[in-house]
Amino acid sequence: MHAKPYIIIMGASNSCLPGGLRAGLSQDHVIYDNLSIGGSIASSKIYTILKHKEKIKKADLIILECNLADVDRVIYKDINLNECIRNTCWLYEELYKLNKKVLNLLLVNSKKNQVEVYIRNIHKYLCNKYGFNSIDMHDYYESKEILDFYISHPDPVHQIHTIMYNLGKNIVDHLEYFKIPKKNIKLTNPKFYFLTPLELHPNKKLKYILRKHIIFQECEVYRVEKDIQLKFPNYFYNCILIGIHTYIEDLTIRNWMRKRQSYGSLVISNKNKTIVKSAACFNTFLDIKEEFIIDEFSHIRFNNENLPISENSFMVAFEDNKSSTLDHVDISAFLLADQNGKFDFSKEIAFVKNNDIFVDEEYDFSYLVPPVEDYKSAIEEYNFRMDPIKLAPLQNQINTLNTQITNLTNEKQKILVEKNN
């Protein structure tokens, strides 16, 4: 390792939020870099590896966190389960090729369904295959019978900051114990490409914007608006479009729902099909759900015609059946794959659906999960002591109101008696 170990995390929203995991990983004796995008899944991490390859080459540990986003994106039909598993298998091989220590975090999921099980299973299966380290918080919570307690609060997707902070700190304190990957694993991935809109032969000059945000990496984007058309170079014919990184921002919009309702849409066409997909006012990576093969007719343009949306998009809340409420989409880059590698993962899919999978003991670092069962006991004890104190003013108000009701009822009865006499 370097004088100061260099840690990189590629995660989703739990890796972005201030005060939790990212704060725990930001200890003085390490160098820490965050390459996360909220709600992003495996395809986004492949893109991140290509985009930030110079940083990643220097890493001593790469942390992966995306199982919650995987589940949500499948449940909400942004991508289907088979594609999600395919992309996850691709990602693990790309991570393996880096020859770095890798740690996968399986966070606590409130979705109690088979998709959640299959997603965790594929991550655990691949950790065993490649010799990656794993921390399964979800399994730890289940084994301690505290899962329902910790998913009962208003934001169960994001665990309490103190827990996530201490998890991050425990990871930093145990860097030397994480295992290096296995050797001589057969490589079967297609070749991936990272292209910016400038490389897609725009028919007009594109507006360039440098997005800066305290949570995210700086991001260069190019605005696709009316009359702009992007066409893929010949070299990429027969490649498949896997996803698009968009980053639309409007600092005047503070309300979360209003951001979701602020979106533009793209028309993605080739000789045989047209896909219409929207991007909301966030930093997001959009997976292309339908297979899209690039040919000589392929192009991307803004949806001026208000064509109906053909695919769901992460975080978009459609308003009055409008395909766009903005007049542009800001694009950072595209992720492509050639067709020379493995695309059929039916065996892996069948395996994770039909087996209980456990991470091999040497790669299982779930003991680094903080003592959340003790935290639960402390919270319950605090509530037991404090609830009567907190409720006392309310109880006094109730007693006062009950007294007033009783007095009014008695007065009414007295008046009726006098009236009858």
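User: Are arginine 73 and aspartate 287 buried or exposed?

Analyst: In this predicted model, local features need pLDDT of at least 70 and side-chain atom pairs count only at pLDDT 80 or more, while totals for chains, interfaces and linings use all residues. Side-chain values use heavy atoms, with hydrogens and water left out, and residues are numbered from 1 along each chain as its sequence is written. Taking buried as under 20% relative accessible area, exposed as over 50% and partly exposed as in between (1.4 Å probe, protein chains only), both arginine 73 and aspartate 287 are buried.

User: At what N to O distance do the side chains of arginine 73 and aspartate 287 meet in a salt bridge?

Analyst: A salt bridge is counted when a side-chain nitrogen of Lys or Arg is within 4 Å of a carboxyl oxygen of Asp or Glu. For the side chains of arginine 73 and aspartate 287, the N to O distance in their salt bridge is 3.1 Å.

User: Which pair links strand β15 to strand β8?

Analyst: Helices (H or I, at least four residues) and strands (E, at least two) are DSSP runs, numbered from the N terminus. A salt bridge of 2.8 Å, N to O, joins the side chains of aspartate 330 and arginine 223, and both of these residues are buried. The partners are 107 residues apart, and the pair linking β15 to β8 (residues 219-225) is aspartate 330 and arginine 223.

User: What is the relative accessibility of valine 329, and which residues does valine 329 contact?

Analyst: Valine 329 lies in strand β15 (residues 328-337), and it counts as buried because its relative accessibility is 0%. With contact taken as heavy atoms within 4.5 Å, and leaving aside neighbours within four places in sequence, valine 329 is in contact with Tyr222, Arg223, Val224, Thr246, Ile248, Gly264, Ser265, Leu266, Ala279 and Phe302.

User: Why do the buried residues of α12 line one face of the helix, and within what arc do they fall?

Analyst: In helix α12 (residues 346-354), the buried residues are Glu348, Ile349 and Val352. The arc is that of the directions from the helix axis to the C-beta atoms, and these residues line one face because, seen down the axis of α12, they fall within an arc of 100°.

User: Which residues are exposed on the other side of α12, and which helices are included in what covers its buried residues?

Analyst: On that other side, Lys347 and Asn354 are exposed. What covers the buried residues of α12 includes α6 (81-97) and α7 (114-130).
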